Amino acid sequence: MSLENQSYTLRVNNKSLDVQDAWIGESLLYVLRERLGMPGAKGACEQGECGSCTVLLDGEAVCSCLVLAAAATDADIRTVESIGDGQTLSDVQQAFVESGAVQCGFCTPGLIVAVENLLTHNPRPTEMQVKEALSGNICRCTGYGRIFDAVSVAVARRTGVSQ
Amino acid sequence: MSVKTRTRRDILGTSALRPDAVPKVQGKFAFSSDLWAENMLWGATLRSPHAYARIVSIDTTAAWKIDGVECVLTHEDVPGKPTYGLIASDQPVLARDFVRYMGEPVVLVAGDHPETCRRALAAIKVEYEVLEPLVDPEKSIDLSVPPIHPDGNLIRRQQIIRGDQSLIGEVVVEGNYELGMQDQAFLGTEAALALPDPGGTGVELYVATQWLHEDRGQIAACLNLPEDKVRLVLGGVGGAFGAREDISLQVHSCLLALRTSRPVKMQYSRQESFFGHVHRHPARIWMRHHATKDGRLLRVEARVVMDGGAYASTSSAVLINAVTHVQGPYKCEHATVDGYAVRTNNPPCGAMRGFGVVQACFAHEGQMDKLALACGISPVDIRLINAMETGDRLITGQTILNSAPVAQCIRETAEIPMPPNMTNDTDVLAIPGGSGLTATPSKIRRGIGWGVSIKNLMYSEGFDDFSTARCTVEDGRVSLKFATSEVGQGFVTLAPQIARTVLGLDEVFIETIDTGIGSAGSTSASRQTWMSGGAVNGACKLVATNIIAEVAKMRGLDPSTLQIQGTDIVDLSGNAVESVVAATKGKRFSETYEFHHQPTGELDENGQGDCHTAFAFVAHRAVVDVDPDLGLVKVVQIATAQDVGRVLNPLSLLGQVEGGIAQGLGLAVMEEIIVENGRVRNPSFTDYLLPTALDAPDVIARYVEVPDPYAPLGAKGVGEPPCISVTPAIVAAIRDATGVDLLRVPVRPQDICL
Amino acid sequence: MIYSPKSISNAVQILQDDPDAQILSGGTDFMVEVNFGHRAPTSVLSLRAIKELCTWSQQDGVIRIGSALPYAQMETGPLAKLLPALAQAARTVGSPQIRAAGTLGGNLGTSSPAGDSLPVLYALDATIIIATATGERRMAVKDFMVGPKRNALSKGEIITAVELPASTGYQGYSKVGVRNAMVISIASACLVHNPIDRSVRLAMGTVGPTIIRASAAEKWLGEECDLASASSITPAICAEFGRRCGDESQPITDHRSTAEYRRHAVSVITSRLLERCAAS
């Protein structure tokens with residue numbers, strides 16, 4: 001390959017991972033999926049209009065398709081693979097499973113990251129705060145109803161308040 | 001997929017959870033786009049920039065010279081049949097002489113990196129003689145333009161002539177309705193991984209599709225391979241909604257893999273996906289309704305024109321659905337209908353959730369509201385007066401034998417409480433314009449609208465529609481094998497529910513979904529619960545019979561005195577003879593069952609015939625808030641009562657209902673592929689707008705459970721009805737709020753306020 | 001090559017040494033172009049590590065916002081209190097994920113007439129601070145944007161900050177889109193009332209090749225009312241003001257909307273902004 005390549009190291013889910021000889025135009029989404037074996041973040045629009053590729057970059061939810069991977073070498077990157085411990089589910093993940101918030105599931109990993117991020121910053125969001133926080137995550141299957149329900153369930157469990 | 005499913009309580013009628021939900025929330029579920037193979041290449045497609053052009057020459061020399069490019073293919077490299085298609089084989093695998101729509105595939109490349117492929121595509125020189133595209137469907141009907149395809153410009157015409165052709169009602173209303181082109185916009189774009197057999201003797205394809213066997217047949221023909229040398233495995237499917245019924249990259253990825261002798265992965269970008277699959281047919285529908293002055297519908301006249309785009313796909317079947325549903329769920333004895341599906345140089349159209357009925361329903365529900373107005377009765381009463389019942393005849397002459405609780409759907413919807421009125425405290429995000437702060441709350445108007453629909457289930461017009469399933473019980477454990485595509489709808493949840501219920505065993509595994517068993521038909525037409533559900537039910541019942549026979553033989557009992565109840569085999573007095581787990585210990589039972597629905601017939605030239613299998617019904621009531629000055633709309637609430645036969649999984653059902661409603665909302669107020677002179681102007685999620693979390697309405701759903709005598713589980717398909725009449729209901733609500741006679745969807749702001 | 005300088009002076013020096021280096025800030029426009037094959041970077045200058053670009057400060061009634069401060073930080077908190085219209089505009093930018101990454105520098109660098117924050121900068125007569133090889137230059141925002149996706153930034157220069165006056169009276173923003181979230185503007189406007197200099201400033205987005213200041217409508221309004229307070233603004237004046245703003249717009253028809261609707265919509269929202277000003 002005669003592309004313009006560079007090697008660098010990313011810090012993903014508390015691990016330093018080497019990226020060898022990668023084209024510098026690669027998005028963080030591509031590098032996670034195709035080079036680092038973490039396909040949890042999904043690509044569905046390549047322009048930040050669907051949220052399927054949401055990851056945490058220094059604690060903020062961003063679209064990994066819009067992050068130039070080679071320029072994110074100083075960032076703390078967290079992906080859906082870091083949520084739960086890999087075996088047991090987080091409360092948000094469990095709520096998604098139980099509430100019917102998953103159909104085809106393509107938007108799900110991005111939503112899980114977005115909801116975890118919301119609840120970290122705002123443990124007791126109002127209905128409208130939930131909707132606004134998730135307004136960048138397109139779901140084509142569910143119509144969002146079961147997703148909102150899942151968030152309510154997760155909030156109730158996390159705060160010990162029944163809603 | 002082999003997933004251990006849950007406990008006893010997950011039988012039919014319960015909200016059993018999806019077995020694949022756990023890997024999906026963890027990001028571990030393997031969608032087609034997640035697949036990877038050692039030594040894999042990436043495939044990419046060069047597409048036509050023109051809606052209609054003659055190909056003068058194709059020069060791939062420069063692409064071959066790029067480092068990392070392994071293969072460049074044109075139409076000359078297709079070893080078998082040069083065309084494919086679902087009903088008519090009219091679409092070239094790669095364009096040869098002409099390109100007939102913007103985005104038609106012309107050249108394929110395989111390279112070591114997506115960016116390498118992109119540069120290779122840019123280096124290919126295709127010389128076109130650009131031609132004037134045929135974009136007006138009327139010109140395809142009047143034959144005023146030379147054929148753009150050897151099969152001609154008219155894909156199909158179908159008339160329906162029934163009853164008194166000169167009847168004029170005391171009340172006559174008419175309207176011209178138009179629907180824009182909607183996209184299925186599944187989130188997981190087209191993706192596949194093709195693995196060539198050594199020596200190029202065959203290929204294995206992991207692909208996101210709705211119908212593995214149909215794909216296999218078309219792929220094998222184009223590759224010139226026997227069908228048994230083409231093995232398809234379902235890759236994880238990120239939604240479908242009809243767009244995966246036609247093949248897209250299936251033949252292409254196999255061609256590249258066989259030529260390079262290396263695994264090839266193809267994955268469309270969102271932009272390419274807009275060009276890579278068929279869309280919902282845009283349609284123009286004229287209707288004239290004749291009724292008595294007290295609102296009884298007597299005669300429907302209609303002219304339906306559906307733009308099929310450049311290739312036939314399922315256009316002929318979509319047309320039949322449209323013309324046979326123009327009366328809606330209402331009694332009507334007399335009809336004069338003329339329908340056309342035509343070829344143009346617009347993007348090809350085919351299957352999308354609702355399949356022709358969406359278009360007809362938008363028009364007939366607009367007409368019912370006009371009729372209500374003309375007769376001075378309410379939108380609810382006009383629909384109740386005319387509501388269809390079991391035993392009524394359609395305008396095709398077919399008698400409805402299914403349960404048909406239309407009036408009950410309407411009444412139960414009407415009983416659902418209205419949402420509270422907007423107040424000064426209403427969050428700005430919940431009013432039209434949202435965070436754009438466009439609205440002045442005092443100027444917002446509320447409207448209410450109704451939509452009711454009838455939808456045929458399964459395939460029509462004599463197609464031998466069947467599904468196959470195998471049930472194997474070994475040591476108290478069930479495994480199920482079928483080729484039913486799981487696209488998100490939840491058959492992988494339902495099938496184990498059926499097995500647990502029939503067999504009294506808790507542990508159910510689903511084997512890999514592939515072509516290693518007979519066809520299941522497509523995951524479309526609201527058919528898999530009925531068809532593959534019927535097949536799984538049939539296979540499980542055969543196995544249950546064998547288990548009972550074995551127990552009877554061992555114990556010297558008459559098998560007709562035994563049955564499975566709960567987890568036990570019981571005798572006539574209900575006493576447990578043995579648990580099913582114990583009865584199957586150390587034994588293996590396996591049966592395959594093929595479920596066929598009742599045969600259907602063709603339509604004659606007057607559109608008469610029993611062409612459909614079964615029907616489902618639904619009512620929707622929409623409440624909207626509108627900013628009349630800006631033409632912005634917020635859908636507040638959708639109330640619905642749906643005829644489902646029997647609820648098999650309440651949670652899955654609600655997901656289908658809410659999801660379908662969101663798609664119908666999209667068509668009503670925002671979703672449209674904009675095509676200008678054959679050119680798609682908005683192939684991206686920036687400009688093709690899908691409903692977000694802030695656009696979703698509150699949905700309140702009720703289910704009307706009248707078990708269908710013909711359905712193997714008593715349950716009707718539930719996938720399509722939610723998205724059909726919700727669109728006209730929303731538009732009716734906007735009309736109610738504004739007084740503007742809106743006859744086109746999606747409703748654009750300027751349609752309301754200018 | 002990826003450059004990640006930690007200071008503005010380093011960044012400017014890198015651009016001197018490698019003039020082809022492309023400037024990357026939040027990435028929300030840059031990466032779309034890369035992903036769509038419209039931009040193939042060979043070397044990139046990332047502003048991520050330059051902390052001073054990601055901060056804001058206030059001195060003598062002037063607020064200085066670093067060009068790489070994400071929109072999310074303008075939506076709420078003390079900055080939102082100082083610049084309510086900017087907060088309102090920031091909340092309409094893309095999605096929460098985009099607002100966590102997108103910046104004023106990006107909106108200015110791209111110079112799209114649909115850039116959500118730009119009408120606010122125009123209505124507040126913002127000053128753009130630009131680092132150059134020889135130091136720093138300052139430009140009025142109206143001189144910065146010269147056409148659709150064209151601006152006065154020269155090669156080797158970096159937008160480092162935007163200076164805006166703190167709010168002294170009502171200010172408001174409004175944006176028309178077809179969906180209730182994550183939508184490109186069809187028409188937008190920002191109105192700023194300054195009772196001290198007795199002015200109302202009104203800037204419109206997405207209705208012309210650049211952001212348009214409704215100068216004639218502003219002048220007319222100043223003649224009709226004493227803008228020392230908003231109390232003399234009547235409903236009739238609001239309606240006429242909106243009509244005049246519409247007259248000053250120069251919208252086009254494209255796949256997102258029609259010129260006719262855009263002109264109408266901008267009239268409605270400018271009129272409503274003035275109503276809100278009057279009610280404030």
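**Where the parts of this model meet**

Biologist: How many salt bridges does the rule find across the interface of chain B and chain C?
Modeller: First, a word on the model: it is predicted, so local features need pLDDT of at least 70 and side-chain atom pairs count only at pLDDT 80 or more, while totals for chains, interfaces and linings use all residues. Residues are numbered from 1 along each chain as its sequence is written, chains are lettered from A and ligands numbered from 1 in the order written, and side-chain values use heavy atoms, leaving out hydrogens and water. A salt bridge needs a side-chain nitrogen of Lys or Arg within 4 Å of a carboxyl oxygen of Asp or Glu. Across the interface of chain B and chain C, the rule finds 4.

Biologist: Which residue of chain B meets the side chain of C:Arg272 in a salt bridge?
Modeller: Here the N to O distance is 2.9 Å. The partner of C:Arg272 is B:Asp629.

Biologist: How many residues does the contact take from chain B and from chain C?
Modeller: Contact means heavy atoms within 4.5 Å. By class, the side of chain B that touches chain C has 19 nonpolar, 11 polar and 10 charged residues (Ala, Val, Leu, Ile, Met, Phe, Trp, Tyr, Cys and Pro count as nonpolar, Asp, Glu, Lys and Arg as charged, the others, Gly among them, as polar). The contact takes 40 residues from chain B and 33 from chain C.

Biologist: Now for chain A: how many salt bridges does the rule find between domain 1 and domain 2?
Modeller: An automatic or database assignment sets the domain bounds, giving domain 1 (5-82) and domain 2 (91-159) of chain A. Their centres, taken over C-alpha atoms, are 22 Å apart. These domains bury about 1,000 Å² between them, 62% of it on carbon and sulfur atoms. For salt bridges across their interface, the count is 0.

Biologist: How many residues of each domain of chain A are in contact with the other domain?
Modeller: On the domain 1 side, A:Lys42, A:Thr54 and A:Val80 lose the most area to domain 2, together 38% of what that side buries. The contact joins 16 residues of domain 1 with 12 residues of domain 2.

Note on methods:
Buried area is the accessible area (1.4 Å probe) that two parts lose on being put together, summed over both.
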